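Hi everyone, thanks for making time today.

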Amino acid sequence: MRSEYYDDDGGHAKEQCPRCGDAFLADHDDRQHCGRCSYTEWK
């Protein structure tokens, strides 16, 4: 189960990395990426 958090910039969801658990995924145009463990979810 993934947790979602919301920022102040218009309500975009920030998802936590399913591997790390305490790192957030960076939201790119074509993917979401964890800078800590390199986990990637392609859109």
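Let me start with a question: in E5, what is the bridge partner of His 33? The partner is Thr 40. Before we go on, a word about what you are seeing. This is a predicted model, where local features need pLDDT of at least 70 and side-chain atom pairs count only at pLDDT 80 or more, while totals for chains, interfaces and linings use all residues. Residues are numbered from 1 along each chain as its sequence is written, and side-chain values use heavy atoms, with hydrogens and water left out.

How confident is the predictor? pLDDT is its confidence in each residue, from 0 to 100. The protein chain averages 80, and 70% of the residues score at least 70.

Now back to the strands. Three of them make an open sheet in the order E3-E4-E5, with antiparallel pairing. Strands count as paired if DSSP finds at least two bridges between them. E3 and E5 are the edge strands, each pairing on one side only, and E4 is joined to E5 by three bridges.

Next, the charged side chains. The structure holds three salt bridges, meaning a side-chain nitrogen of Lys or Arg within 4 Å of a carboxyl oxygen of Asp or Glu. In one of them, Asp 27 meets Lys 43 at 2.5 Å, N to O. Asp 27 sits in strand E3 and Lys 43 in the segment after E5, so this pair ties together parts that are 16 residues apart in sequence. Both residues are exposed; here buried is under 20% relative accessible area, exposed is over 50%, and partly exposed is in between (1.4 Å probe, protein chains only).

Another salt bridge joins Arg 36 and Asp 22, with the closest N and O atoms 2.6 Å apart. That pair links distant parts of the chain, 14 residues apart. Arg 36 is exposed at 55%, and Asp 22 is exposed at 52%.

Finally, the record. UniProt, in an unreviewed entry, places "zinc finger region: C4-type" at residues 17-37; its positions are given in the numbering used here, feature names are shortened, and annotations may be inferred rather than shown by experiment. Over residues 17-37, the model is 0% helix and 24% strand, with the end C-alpha atoms 9 Å apart.

Note on methods
pLDDT = per-residue confidence, 0-100. Helix = DSSP H or I, 4+ residues; strand = E, 2+ residues; numbered from the N terminus.
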